Amino acid sequence: MRARRLQPRKTPGPLALNRRDLLKLLGGGILILVYPPEAAAGQYQIPDAYLQIKDDGTVALFTGKVEYGQGIMTSLAQMAAEELDLPLQSLRVVLGDTSLCPQDADGGTWGSLTTRNFGPPLRSAAAKAKAILIALAAQQLNLASSQLMTQDGFVISRTDSAVRVSYASLAGGKSIVQTLQTTPATKNFAQFTLSGQPARRLDAIDKVTGKALYTADIRLPGMLYAYILRPPAYGATLKSVDTLAAGTVVGTRVMQVNGQWVVLHAQPDQARLALELIKATAVYNPPPAGQDQETIYAYLTSRYTAGTLFAQSGNLATGQSQAVAKLGQTYYTPYLAHAPMEPHAAVVSIEGTKATVWASTQTPFTVRSDVAGALGFSTANVRVITPYIGGGFGGKSVNLQTVEAARIAKAAGQPVNLAWTREEEFFYDAFQPPSIIKTSSGLDRNNKISFWDSQVYCVGNRGAEMLYEVPHYRIQTYGNTSSQGSHPFSIGPWRAPGSNANTFARESHIDELAAAAGLDACSFRLLHLQTSASARLRKVLQTAAASFGWQPAKSPSGRGYGVACGSDAGAYVVMMASVEVEAKTGAIKVLRMLCAQDMGQVINPDGARMQMEGSMMMGLGYALSEELHFKNGAIQDLNFDSYAIPRFAWMPKLETVLVENNALSPQGGGEPSIITTGAVLANAVFDAIGVRVNRLPMTPARVLPLIQALPLALKPPQYSANQIQLTWRGQSGVKLQSSPSLTNPVWQEVPNTDGQSGLTLPATNGAAFFRLAR
Amino acid sequence: MGTISFQLNGQPVRLETSADRTLLWVLRTDLGLTGVKCGCAMGYCGACTVLVNKQAYRSCLLTLQDVQDKEVLTIEGLANGAQLHPLQQAFVDHGALQCGFCTSGMILNSYSLLLAKPAPTENEVIAKMNNNLCRCGAHPRIVQAILSAAQTMKGGL
């Protein structure tokens, strides 16, 4: 399990108020503050979590985490309600408001950390709150605490259920602040009544009725909508900007802010209209020559000299000497855009030396510091409120739009609503970096992997662990997903950062080894998962195989079945898929995908399945179609016409299997299932058609040449009573020829066979010879 | 400047503004109906879908002139007070949403399908919905929700 990294939290939050004032701010009642265990040393002044029991019986849970579709609003409420024995509807979750909520130790909502890391302190806070309520009830009812139990928001006598008092009446008129540094006992998984059950999402009704507010929906008196004039490419600067025509749109303000031209209007369409009337030329200064999506790999690889050792075992030379067969392959993945449906947006309202910011962000506390810095305000005077977010995926942990909006609001003297266009959303994305992963390996005389050497460029070590039992291996990385290095534009975390590329490389490669060994892909993996350390993954793999109905067969079997394993965020995942490849076009149709996941205790099974399904659907994109197109600093993908994300028509039959592991505390669930989608489909394609695609995405344009390069071969003829059936892999331009003799061949084209894949002939007593030709 | 009149969620609306303004922005700004979303502004994603005379349109591609004297339905007009429309209820029951940004467009587009075809097959649902984009991957549940709502509604809308 990944260790928590506490972020230094020196900037004041609501706890800059003393605790009594905080309670007054929140409206009285009982307040439980939970400090992390490390706080005992007196270093940290700001708690992890707090829970407030109000005198109307409702409970408010305050957290710096945010909801962007991953369902934590509901799963956190479930955990608190579980410990408090409170109906789920009585819980109100306050998310991402920097003036009300504590800053969370993870630094942002990312990394599949919320349920894992934040869950335990939250449950402690709720358990402590329950203990306080029982103590108060004991006083009021003149009973010992041991004689009391809790249920549905009441403290009840164990011997007479009519003797009871509600949480509301216990909290009424109180002003109690309790801090907690030791962890009270929380419920055993076996005692759960709420957690582990499907729960209706708390945000669902708002979202289906249009009541849910996202950042750009915020409307304030006097608010102006702003658009910024952007350069056409990275490295380009705008010259001779003529804004005269923009001013002809009635009600428009045109100004320069921080060196950028900005247009403002009370109506966003008029602001946009005005912006488009500005005439400007640009001076281009493109990055080093030849940088486009084809040439970038060689360029990036050349920029690194020394690698960083990530993991090793045994001795590579020994492993190499034991190998009777050796393999080498390089795997490639491209820049990927996050492309959330909601573009980045911010609304900023300034009054004097105070600012209120609404932002579509995964990191509200970082936004607070960034905006305070940009405005020259103290952090205590900046409040960031996080409305519903329309997708994050890591891309909203970078929030350029917030400082842009803040500067414009300050210059304009009015509240500003800055919502990026889709073009800006693509252009200013912090893309998933590309990867180049060079892998070499060998099989010993027993068909076991004797060595494995991996050089990972640009994507870092997440997901690069050696999952299998290999005696001699070395994994080195060159750069990672947070080092800007030589990339021509910003890079950043993209759902399971680095893990998609590392898993694609490892799982493709082990499949290549399995094929070289002449063994079934699943069986080969199991051969390398024999020790007790591998037990968790072995169980998930066997569960997946049983659920999928996987029968052993060596690849390429023609079935089109693929398997891929992975580990991320403390969870183990195994995916299996079934595909069909259209040999004439290289198009891949995914028929079925199954994902089996061991994520420890599952707080909300339906929520977990939704994340697994969502990851599988999203993963189809990076496997089959998504790739950033760029040249000389210009981003060529500016809307969904050229950057193709998965659609309804792509849906395979999706199956999710939650592998039971209640002995383990909850692990990550928002990301793990996406990491295996690239590899499972590449492996399925190999099994279908014998073509190994080592570069994603597997577009028809990339796959077809590989099919066409396969040696032409007629399949063994099928004989029946008076017919002979010939079949082959059809391709346009490939035709069947026949000759009556092989000693003096006269090859004639068999009519109507160009691009076909079969021919049925009447059986004769004579001899005939057939071949395929281009 | 001119006057545009149309029916909006069952009520008459009269606006004094340019007829060539984009419907999406008039709905969100002048009329305060923020349930309709801007995902791409070019008609690719469908997050801005509204119904005009029972047909689904991308409001980012429509002007006010286009809806003169017509009936416009946004997501805010679907529920009957506190009573959710069967499609809305089905989306909730099936968990057919995650971030929710594409949801109004999905619901309205599917509503236009069910108005025209009360008992669609799964393939017909997929074909009709294929140009509405969802990044969170809620597609399978969206299809199930629509099919389930069709059952509940059984031709009576």
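This is a predicted model: local features need pLDDT of at least 70, side-chain atom pairs count only at pLDDT 80 or more; totals for chains, interfaces and linings use all residues.
1. Residues are numbered from 1 along each chain as its sequence is written, chains are lettered from A in the order in which they are written, and side-chain values use heavy atoms, with hydrogens and water left out.

2. Start with the interface: 58 residues of chain A are in contact with 47 residues of chain B (contact means heavy atoms within 4.5 Å). The buried area is about 4300 Å², and carbon and sulfur atoms give 60% of that (this is the accessible area, 1.4 Å probe, that two parts lose on being put together, summed over both). A:V208, A:M341 and A:F648 supply 20% of what chain A buries against chain B, more than any other three residues.

3. As for charges, the rule finds 6 salt bridges across the interface (a side-chain nitrogen of Lys or Arg within 4 Å of a carboxyl oxygen of Asp or Glu). A:D217 and B:K37 meet in a salt bridge at 2.6 Å, N to O.

4. Now look at helix α16 of chain A, residues 677-689 (helices are DSSP runs of H or I, at least four residues, numbered from the N terminus). Of its 13 residues, 12 are buried, A:F686 and A:I689 among them (buried means under 20% relative accessible area, 1.4 Å probe, protein chains only). Just after α16(A), A:G690 takes a positive phi of about 75°.

Key
Helices (H or I, at least four residues) and strands (E, at least two) are DSSP runs, numbered from the N terminus. The expected span of a helix is 1.5 Å times one less than its number of residues. Buried means under 20% relative accessible area, exposed over 50%, partly exposed in between (1.4 Å probe, protein chains only).
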